[in-house]
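Here is a short briefing to read alongside the model. Please have a look at the structure first.

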Amino acid sequence: MTCSFPKYASGYAALLFLALSLPAISATAAVPGTTAIEAVLTSAGGGAAADGSYDVTFGIFPGQSGGSPAWSEGPVKVTVKGGRFSYRLGLTKPISPKTLAGLAKAWVSIKIGADPELPRRQLNAVSYAHVAASLSCSGCVSGAQIAKGGVSSASVGFNYAGSATKGGPAKDLACTGCVSVSEMKFNGNVNLGAFSIKAKNGTFTGGVAASTVTATAFVGDGSKLTGIKTPSGECKTAGFVVKGINADGSLKCVKSMDPNALPGDGLNEISNNLLANQFTDTIWASGKMIPIPDNQGTQAISNLDFPDIGKAQKFEVNIHVENTDLSKVAITVLPPNDKKVGWVLCDPCGGKDAKILKKTYSSTAKPKSGDIGYWTNKNAKGLWNLKVLDTGYCVPQATGNSKYCDPVKKRDGWIASWNIKIQTLSNQKVGVNGHAYMNGQVWGKDNGHGVPGGPVEIGGGMRFQSEKVCDAAHRGVFRNDPMEGLQVCQANDANNGSVSYEWYAARAQPILFSGGCRSSARKNSNWATYCLDGSDFNTARNYLDVRQNGYIYIKKAGYYKINYFAINHSANWQHIKVIKNGWQYIHHGHNHGHGTWKDTHAVLVWPFKKGDWMRVDQYTSGASYYNYHSWNHGHNSNGPYAGAHSRLQVEYRGPLRGAGTFKPTTAPKTCKQIKQMYPAAHDGLHYIDPDGVGGNPPLETYCDMTTDGGGWTLVNYSPHRPDWHSLFDMQCGGSVAGQGWDPEGRGFPAAIRAVEIAQNSSEIAFAHHNTRNITGNMKAYSSIYAFNIPDPKTVNFAPHSQHGGYTSTGSTGRGPCVPVKLKVYKGDTNQTGKTRYTFKHSLGATWSDSYPTGYGATNDSNCIGSSGMTVGPLFISVHSGDGRGKNGSRFYTKTCKVGGKTITSIKTGQPYYSHHYHWLPNKWDQHGSVAIWLR
């Protein structure tokens, strides 16, 4: 079909359609979305438009003019050549058949670029498309030939899709989504058989009937739910409460706080562990040790009377037996209900020559025969017997046997102790694990012994009734006796280990040490510390640490009463000093004529803090009389008795009050200060505090109070041993193999921190003995050499002189080398007054590489020469730098506080060094005990 357009005055005058029609469509082909057109484009002058590419917009309208397009496309690029172009409408935007079918007539419009729309032309079908207009057949058009959406419900004249007959059901319908839910309406029930409806949401305006309903949640108040069975009713019996719901929906009622509903041991569970009715009781046999007959065919027997304290939840037997050879020993226990067979605990009871048996037997740790578990849930009341049989003779000469074997008395060891321990569930007593607060009265009932019940008044005070019986079951019970007042039932060692239970006055047990010194102190000891190597009794072990050397250390702060007395045989004066932490707290004296026996005593109560210490010193003036007589003197018909001539007692009296107001106390800094404070101070162990209050803690050392007037402090020692010829660093101190500082025994090399001591001293002494270990004061050594300290305030005992601020290069610069004059207290007295040289800061050291003595005081004025290395005094020493330290170790670092500052004592080498030899002023290559003292 062709058509022409009128010419316009615009850029393009006319468009001539050469072809404008629907294409031919086969019966089976899919409906295309495009329509081909051909046209001629002329210019406003009447000629063909210029060749080129043009922007064209196409549209299909329902009318010849106006309105909105039913379809449009563009602008799209169209190529024009000789005024002609062709294009397929729908190429970029497909034309829906449904769109065309909905138009009574279709008009095509073209718009080129920005020019106005050209006149529209009507769209016509091709000739063979008219065949469908008169189509009259059944099934001649399949669904494949009908465009999607091309058939609407308005165009279909039957009721049901796919029905065999018009109006019949859609029996063969098989499609997905072909029927919209909005089009569905059910006039009857829908039966899906075994299938179910699955939907995200469901809305029902009527009821829902189902045999089972499963849901994650029901939303609503549930007020209109019917047919649900709920528990109903009430607990009608008085005192009953609801415990639960029975299977049939009825209420389960129980008695409120029904004891039968709780376990017997559940008191702690319902009281937040404040109350308990489970108790563990241990009943011991007689405290007296029972000797075991030595292969005499008889048994050692020990009895234990177990009281009625309830049924045993747990049961065990504990024994302690000693014998020279437990492989020859058999032990049997006879319970109250068995006096013939019993349980064989062990047979044999140990390996050959084993001597001590400590063992527990229970239902799990079973004896050799017998059933200890029998006594679980039974009352162990009654008489129990332990029998021990020895079937081998002891040999007293064998190692370790003399303690046990007595051929004269024909005994071998003993039953040391044994007990029965049970855990009971009591229905008679309650334990209170916390504090009990009461107001009012607590009433008791008849106790079974004829004493009527009565009130115990709590608020405003406590009142006890007059109980009569005191036995193991009543241990710890209080009563009010008309004559003696408040009493408590407690055990007492009535007769050499035979325990009885009696009423005693309910007052605090004494916390008391009572004892004394077994030896007498002669006058020539001057001030003598009262030793404590004997004891009457000691109930204060948790409060006091009593040493045999006379020192008592406080374990618990409090007020303590000190009571001391001693008799003296004195010509003139006797004095007592009670010393606390190195300071005198009491000085008591008597003046008696020659030949008289008088006592000297001291009594005081004084506050002590934990860690404090005390001792008692006594002094007598006159010739060859006692400072004090010994604690253990005299006899009577009962044998030796103690304390007739002297005794010290220390008793705890109560906790401190206002302890924070006490001023701190400290020991003197050196033995020299002790000597100045107490001119008659004795040789021996004393406490000093070299750096004062607040620094390092006080320490104990040996003080020589007699050599050249005394006041010497021991700071370093090494014993006479072939394996340890060494001295330790005195900046920080130390000891070999962790043995610690032992100024009395001196069995291993050790040193203490000595910088502060040296800075408070004026002399240093070196003592030596070449044949044996030495203890005691300096006079016990065979050689003693000393010299004055050149400048005490600068002493630092640096192992290398460069640690004191000097270098170690060349033959100079190793620190000040100063001369000193020797003093010889014992040994080669010809050396007295000789000049020796030493480093100023490291006393006795030369050559700069070691300390305490390096290569010794020398004849060389530069302290590094070798010509004087055989003149001494020289001792084995700490070495610090050439790898020759003991065990080959080269590096060592130790830090400590000196003068309140942390210093590094040795930066390389060992804290000790073994030369194995040392020099005296007139000898060399010497072995033996050595010591260094400061004064």
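Is cysteine 235 buried or exposed? Cysteine 235 is buried, at a relative accessible area of 18%, where buried means under 20%, exposed over 50% and partly exposed in between (1.4 Å probe, protein chains only). This is a predicted model, in which local features need pLDDT of at least 70 and side-chain atom pairs count only at pLDDT 80 or more, while totals for chains, interfaces and linings use all residues. Residues are numbered from 1 along each chain as its sequence is written, and side-chain values use heavy atoms, leaving out hydrogens and water.

**Disulfides**
- The structure holds six disulfides (pairs of cysteine sulfur atoms within 2.5 Å).
- One of them joins cysteine 235 to cysteine 253, S to S 2.0 Å, and is left-handed, with -90 degrees about the S-S bond.
- Cysteine 394 is buried at 10%, and cysteine 405 is buried at 8%.

**Nonpolar core**
- The largest nonpolar core has 34 residues (buried Ala, Val, Leu, Ile, Met, Phe, Trp, Tyr and Cys joined through side-chain atoms within 4.5 Å).
- Val715 is among the members that touch the most others, and its contacts beyond four places in sequence include Met730, Trp741 and Ile932 (contact means heavy atoms within 4.5 Å).
- Apart from this core lies another, of 33 residues, including Ile290 and Leu345.
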